[in-house]
Amino acid sequence: MPIFEHAYHPYDGPLTEPRRLPLAIARRGLAEAFASRLVVLLLGAAAIATLVFAILIYLHYNLPALRVLRLAVTKLVPIDAQFFTVFLVIAAVLAFFLALWLGPPAIARDQANNALPLYLSRPITRPQYLWGKMLPLLLLLSVVTWLPGLFLFVLQASLAGGQWFAANLHIAAGIFLGSLVWIVLLSLLANALSAALKRRWPATAALVGLFFIPGIVGGILDNFLTTPWGRLLSPLALMRIIWQGLFRLNVPAYGFVPGPDGHRVWGVLPPVPAWSAWLVVALLAAGCLALLARSLRPYPPIR
Amino acid sequence: MAVSLPPPAPTAAAPAAASPATIAMEGLAVQLAGRPILHGLTCQLHGRAIGLLGPNGAGKTTLIHTLLGFYRRSAGSAHLLGAPIAAGAAARAAIGYMPERDAFIARMTGVQFLRLMGELSGLPPDTALERAHEALFFVGLGEARYRPLESYSSGMKQMAKLAQAVVHGPRLLFLDEPTNGLDPTARRRMIQLIRALRASGETRFLLSSHLLHDVEECCDEILILKDGRIAAQCDLEAERRTHRRFVFLETQGEGAPAFWAALQQRGCVCATAPGNRGKIILPEGMDAAEIFRAAAAHQVQLRRFEYKRDSLEEIFLRAMNSPAAAAGAA
């Protein structure tokens with residue numbers, strides 16, 4: 001219909017499949033993300049980090065380059081599980097800042113402008129709406145975490161040969177699963193706080209607080225009660241425990257432990273089993289989903 | 001991959017009996033926070049333009065939200081254009097909703113907003129963009145379509161809300177207080193648009209309002225709620241047709257008795273009152289012009305000629321004071 005007719009016309013054409021509808025929300029979310037300079041900056045930083053790590057891997061197998069740089073292979077950082085863990089930590093920090101910037105406004109803006117009735121009066125369900133909101137964040141966080149991580153692993157495997165690949169396959173699994181847990185947890189927390197608090201900046205502050213304040217409380221508990229379990233309150237410590245398990249690393253954690261004379265001394269804390277960290281992460285995720293189920297309503301529940 | 005739309009609603013010319021009811025409810029009950037809000041509503045609404053009336057707190061918005069699936073039913077069932085509301089999200093492709101409160105998506109221009117709303121209703125992206133432009137021109141926001149929604153005035157936001165409700169060409173529209181907060185000019189424009197929707201014959205709508213005049217201007221059937229119960233259901237068109245048979249007359253002249261007698265001879269039921277006033281009921285097939293001819297023949301002046309006009313306000317007040325409504329309130 002020509003727009004100058006200014007008349008109402010029904011629509012009888014084909015309709016998009018319902019399961020593809022959240023992609024419209026995700027497309028909009030991605031467009032908004034790329035309009036932000038900070039997002040482009042963080043993605044650029046992730047690309048530079050990947051490049052630096054790729055060069056470090058490449059140098060191990062390029063003797064002419066080492067000769068030019070007057071370096072010995074033994075002086076280079078070894079390419080092992082620790083190497084990939086360091087990359088993952090850098091990627092995780094960048095992912096955290098991305099989630100901090102993009103997550104809190106995602107649902108909060110819709111809540112603040114009463115947009116949920118507009119979405120949910122259409123053939124789209126609440127889980128689909130949430131999926132559409134989370135998808136851009138999950139995609140961007142994947143771009144800075146497991147995608148470059150696996151690229152580095154493949155680069156190393158292609159240069160080191162099949163034997164290294166077979167012996168270190170757990171590293172690839174660690175990169176993928178470790179990143180996946182981190183980005184899913186970040187996305188769920190950011191969106192749950194966004195939906196519950198309905199304002200961007202309170203949700204951002206709450207997300208920062210959630211990652212650091214329980215860690216401090218857990219540290220105090222550990223030190224006063226000389227227990228290792230306080231660490232489970234900190235999402236950052238949880239991820240460290242999970243990653244160490246996935247990468248088969250054994251890096252001890254330090255704190256006050258009971259000394260031989262009964263006084264507390266600084267020492268290695270007893271390890272916390274990895275399953276307990278997985279359990280706490282699962283509970284956190286379940287809590288986020290419960291909060292989302294309660295908050296994502298077209299109209300607030302009447303009490 | 002694409003799925004096809006449900007069969008189109010019949011046109012105005014099609015007999016109402018052959019088409020499913022626009023809205024059908026059978027014992028529909030809703031409880032919120034343990035408090036009953038809607039009490040077993042049962043009715044069939046076949047009108048193209050249905051007015052939903054009731055005092056504040058009668059349950060109008062709750063009914064709309066329940067029909068849209070926002071609130072869970074505690075009992076009963078409801079069908080929209082023959083499809084059960086329990087059918088899920090897919091059934092909402094044929095429905096448009098204009099909420100009462102300000103509602104928009106931040107950081108978008110009018111076109112971007114409507115395009116997203118169209119896509120979420122199932123339109124392919126290109127079609128959604130095309131129809132976004134059309135819908136904005138339809139509501140009179142053509143010139144403002146590239147402006148951010150945040151910069152729209154209240155009236156413009158209200159029009160944008162209407163545009164998002166019609167962008168996907170729904171078969172059934174829910175309009176919740178569409179004239180709320182509009183100045184007289186914008187209100188007039190909104191009413192014109194709603195009347196244009198009705199005149200198009202392509203969509204049906206449920207208009208919820210506490211402004212009786214708005215409903216009277218736009219609707220042909222009304223449902224009046226009071227305290228969560230149906231206080232009255234009325235076919236305004238049928239009422240109007242019936243009222244055209246009732247005429248109030250005031251005469252002057254010597255020939256008045258003969259004039260009344262002549263009308264009775266023609267089949268009219270007449271009731272005269274002191275002061276040369278009277279009421280008549282015209283028989284089927286009798287034209288009002290015959291009254292004037294009879295008056296001329298008996299040299300009687302007609303000082304007053306008025307069809308009985310039972311205004312919506314009267315219907316509403318009657319419904320509010322009816323024994324059924326009173327029982328509901330009790």
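Analyst: Happy to. Two strands count as paired if DSSP finds at least two bridges between them. Helices (H or I, at least four residues) and strands (E, at least two) are DSSP runs, numbered from the N terminus. Please keep in mind that this is a predicted model, in which local features need pLDDT of at least 70, side-chain atom pairs count only at pLDDT 80 or more, and totals for chains, interfaces and linings use all residues. Residues are numbered from 1 along each chain as its sequence is written, while chains are lettered from A and ligands numbered from 1 in the order in which they are written.

Let us start with one pair of strands. Strand 12 (residues 246-252) and strand 14 (residues 277-281) of chain B run antiparallel and are joined by five bridges. Within this part, Val247(B) has Ile280(B) in strand 14 as its bridge partner.

Both strands belong to an open sheet of four strands in chain B, with the order 13-14-12-15 and antiparallel pairing. Strand 13 (269-273) and strand 15 (301-307) of chain B each have a single partner strand, so at these edges one side of each is left without a neighbour in the sheet. On average, neighbouring strands here are turned by 20° against each other, direction ignored; the axes behind such angles are lines fitted to C-alpha atoms, for helices over the stretch in contact, and angles run from 0 to 180 degrees between N-to-C directions.

Helix 8 (residues 256-265) of chain B lies across strand 12, strand 13 and strand 14 of chain B, and runs at about 155° to strand 13. Contact here asks that the C-beta atoms of two residues, placed from the backbone, lie within 7 Å.

Elsewhere in chain B, two loop residues are worth a look for their backbone. Most residues other than glycine have a negative phi. Leu81(B), not a glycine, has a positive phi of about 50°, and lies in the loop between strand 5 (75-80) and strand 6 (83-84) of chain B. Arg107(B), also a residue other than glycine, has a positive phi near 60°; its loop runs between strand 7 (95-98) and helix 2 (110-120) of chain B.

As for burial, a residue is buried if 20 or more other C-beta atoms, placed from the backbone, lie within 10 Å of its own, exposed if 12 or fewer, and partly exposed in between. Leu81(B) has 21 such neighbours and so counts as buried, whereas Arg107(B) has 15 and therefore counts as partly exposed.
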